[in-house]
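Subject: Structure handover and notes

Dear colleague,

Please find the structure below, followed by notes on what was found in it.

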Amino acid sequence: MTRAPLSLKIAALGGLAFLHVPLLFILLYCFTTEEKSYAFPPPGFTLKWFGVVWERADIWAAVGLSLKVAVIATALALVLGTLAAGALARAKFFGREPISLLFVLPIALPGIVTGIALRQAFGLMEIPFSFWTIVLGHATFCIVVVYNNAVARLRRLSPSLIEASMDLGADAFQTFRLVILPNIGTALLAGGMLAFALSFDEVIVTTFTAGQQSTLPIWMLSELIRPRQRPVTNVVAVLVILVTFLPILAAYYLTREGEAVAGSGK
Amino acid sequence: MHAPAPPPVTPAVRFEGVMRHFGAVRAVDGVDLSIVPGEFFAMLGPSGSGKTTCLRLIAGFEQPDAGHIEIFGEKVEGLPPYRRAVNTVFQDYALFPHLSVGENVAYGLRVRGVGRVEREKLAREALAMVKLAGMETRRPAQLSGGQRQRVALARALVVRPKVLLLDEPLGALDLKLREEMQSELKGLQRALGLSFVFVTHDQGEALSMADRVAVFNEGRIVQVGPPEEVYERPATRFVAGFVGSANVLEPAEAAALGGAARPSSLRPEKIVLLAADAPEPTGAAVVEAGVVEMSYQGAVRRVTARAASGLHLTAAVPASASAVAAGDTIRLAVPKGAVQPMEGEG
């Protein structure tokens with residue numbers, strides 16, 4: 001291993017600072033006493049915004065809605081993404097490549113396109129906007145991350161493991177439970193957590209599919225426009241960082257461990 | 001071409017006109033075979049000859065496009081692998097990486113609903129049988145190739161199959177281990193009295209281990225019989241060339257060397273190199289030829305010589321025989337019966 005030159009280290013640190021220092025400002029202004037603008041340095045510090053957040057029902061309604069949407073969209077993605085991965089990981093059939101491209105497309109497509117497309121489709125089918133239209137919108141990209149994780153792990157799994165299981169007397173269901181699931185479990189967990197995090201802070205697709213309801217990110221957007229009690233959004237933002245950062249961190253460690261295990265057999 | 005008359009018992013495995021095509025590729029193209037209970041049966045052939053597909057047809061990983069397959073008299077077409085009383089030792093062993101060695105061996109019992117205590121006991125016994133007692137808690141990744149092979153063997157045998165299938169079982173092992181496993185497999189098979197069907201591309205392995213060998217080429221069985229028969233009397237040019245090496249003779253050449261006027265084979269080690277002053281042996285055809293090439297191979301020397309008639313012969317002579325060099329004129333004796341007519345084409 002060679003050591004990086006000092007200039008490269010500084011550049012790397014600079015890059016990291018650029019990415020993460022703004023997060024510190026969010027944290028800082030949770031505690032400011034000034035409620036209409038973000039003056040630097042803050043004129044004083046207070047904890048009162050945490051109390052305000054605690055008491056506002058609209059925030060908790062938004063948090064609840066976001067959590068519910070994320071949980072259901074992730075669950076849907078886990079089931080459908082795993083099934084799709086199972087079908088596409090190894091079997092060869094006509095149209096396999098286009099289908100796998102179509103599966104991955106929603107995450108490459110700009111959210112605004114997905115949003116408009118869904119909105120128009122719902123309109124044409126006369127489906128009223130509801131909790132479920134938000135879930136469907138989120139599921140389009142949640143499926144992709146679960147699918148991608150599962151398909152990568154399935155391709156690394158030796159096909160003879162599945163044959164060996166069947167050979168030893170296990171039917172398809174037993175083989176899935178006892179051989180496939182334990183081997184792709186961490187990949188599914190990682191994919192699921194990533195899906196959860198993506199859904200939890202999604203704005204664009206949600207704006208097009210939500211109707212009157214506000215998920216947390218939508219609530220924040222509307223709150224920023226009003227110059228009242230600004231630090232409240234900061235407190236909520238910190239909550240969002242916690243809720244999304246922890247699963248992503250966990251997913252990172254879980255997939256890393258999975259790779260180490262797969263490599264150690266070589 | 002013809003197997004000895006099948007014994008009047010129900011064959012362990014019987015194929016009747018079995019076909020398996022992959023697109024335009026005829027992987028298995030009309031195979032008939034009958035494996036006797038308790039025999040060590042080798043399916044020998046180059047890659048792509050259909051031998052592995054035949055094994056997978058027995059296991060149930062493939063289904064025939066035409067023909068019938070029976071296992072101990074029971075028609076198994078359409079039966080999935082988990083409903084067949086056969087088990088497979090996979091080429092890459094296919095041990096479950098997330099389970100311990102003991103859990104791997106107990107897997108087949110677990111899916112059959114055998115209780116924990118019972119299946120752990122049976123798994124221990126199976127591991128002891130393959131000389132891996134005490135390895136239950138290891139992970140497959142911690143084992144050597146030879147040990148993994150034994151675990152795969154124990155895992156397949158613990159569920160008491162009626163036929164054990166082995167796919168290139170020794171392919172991934174180094175030479176020393178391979179010889180060790182050969183005799184061990186043979187011993188296990190004899191002790192258990194089970195039919196072992198094994199696939200190999202290694203003719204030495206097939207000849208030394210099997211009771212009967214089926215030679216595959218291009219999706220068909222070209223010859224089946226005991227190793228001695230397949231080696232001594234290859235039925236076709238393909239067998240003569242694939243199982244060991246052989247001089248392939250045209251009808252006229254065969255007749256000149258004391259055989260029938262038919263396409264024939266002549267094994268190099270049957271040919272005797274006559275010393276300069278030796279008298280001509282009776283009953284043997286003697287050919288005078290010029291040495292084209294000589295290669296020393298340890299136990300034998302391989303001498304390729306060309307006779308005045310244009311006939312090329314390769315002889316394997318004991319390395320202790322008098323040394324010859326390219327350009328020498330030698331006399332080669334072909335004993336009576338050494339030239340074997342070949343019946344079939346291909």
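A residue counts as buried when its relative accessible area is under 20%, as exposed when it is over 50%, and as partly exposed in between, with a 1.4 Å probe and protein chains only. By that rule A:Thr133 is buried, since its relative accessible area is 1%.

Two points on conventions come before the rest. The model is predicted, so that local features need pLDDT of at least 70 and side-chain atom pairs count only at pLDDT 80 or more, while totals for chains, interfaces and linings use all residues. Residues are numbered from 1 along each chain as its sequence is written, chains are lettered from A and ligands numbered from 1 in the order in which they are written, and side-chain values use heavy atoms, with hydrogens and water left out.

A:Thr133 belongs to helix H6 of chain A, residues 131–156, where helices (H or I, at least four residues) and strands (E, at least two) are DSSP runs numbered from the N terminus. Setting aside residues up to four places away in sequence, A:Thr133 touches A:Phe122, A:Ile127, A:Pro128 and A:Thr209, contact meaning heavy atoms within 4.5 Å. A polar atom of the A:Thr133 side chain also lies 2.8 Å from the backbone oxygen of A:Thr209.

A:Ile26, in helix H1 of chain A (residues 6–28), counts as partly exposed at 26% relative accessibility. Apart from neighbours within four places in sequence, A:Ile26 is in contact with A:Asn234, A:Ala237 and A:Val238. A:Val236 is 210 residues from A:Ile26 in sequence, yet the two C-alpha atoms are 9.8 Å apart in space.

Chain B as a whole

Chain B has 346 residues, of which 49% count as buried, and its secondary structure comprises 9 helices and 18 strands. Its C-alpha atoms fill a box of roughly 75 × 45 × 40 Å along the principal axes. Of the contacts in chain B between residues at least 6 apart in sequence, 64% join residues at least 24 apart.

The two domains of chain B

The domain assignment divides chain B into domain 1 (13–242) and domain 2 (247–341), the bounds coming from an automatic or database domain assignment. Taken over C-alpha atoms, the centres of these domains are 39 Å apart. Between them, 8 residues of domain 1 are in contact with 9 residues of domain 2, and the two bury about 760 Å², 41% of it on carbon and sulfur atoms; buried area here is the accessible area (1.4 Å probe) that two parts lose on being put together, summed over both. B:Tyr231, B:Glu232 and B:Arg237 supply 62% of the area that domain 1 buries against domain 2, more than any other three residues.

Across this interface the rule finds 2 salt bridges, a salt bridge being a side-chain nitrogen of Lys or Arg within 4 Å of a carboxyl oxygen of Asp or Glu. The side chains of B:Arg237 and B:Glu250 meet in a salt bridge, with N to O at 3.6 Å.

The interface of chain B and chain A

Here 25 residues of chain B are in contact with 20 residues of chain A, and the chains bury about 1,900 Å² between them, 59% of it on carbon and sulfur atoms. B:Tyr82, B:His98 and B:Tyr107 supply 31% of the area that chain B buries against chain A, more than any other three residues. The count between the chains is 1 salt bridge; B:Arg56 forms a salt bridge with A:Glu163, the closest N and O atoms being 2.6 Å apart. On the side of chain B that touches chain A, helix H1 (51–59), strand S6 (86–89), helix H2 (101–111) and helix H4 (145–157) of chain B each give two or more residues, and the largest share, 4 residues, comes from H2(B).

H2(B) is mostly covered, with 9 of its 11 residues buried, B:Tyr107 being one of them. Those buried residues pack against helix H7 (159–167) and helix H8 (172–200) of chain A, together with helix H3 (116–129) and H4 of chain B. After H2(B) comes B:Gly113, which has a positive phi, near 80°.

With best regards

Technical notes: Polar contact = N/O pair within 3.5 Å; in protein donor to acceptor, adjacent residues only side chain to side chain.
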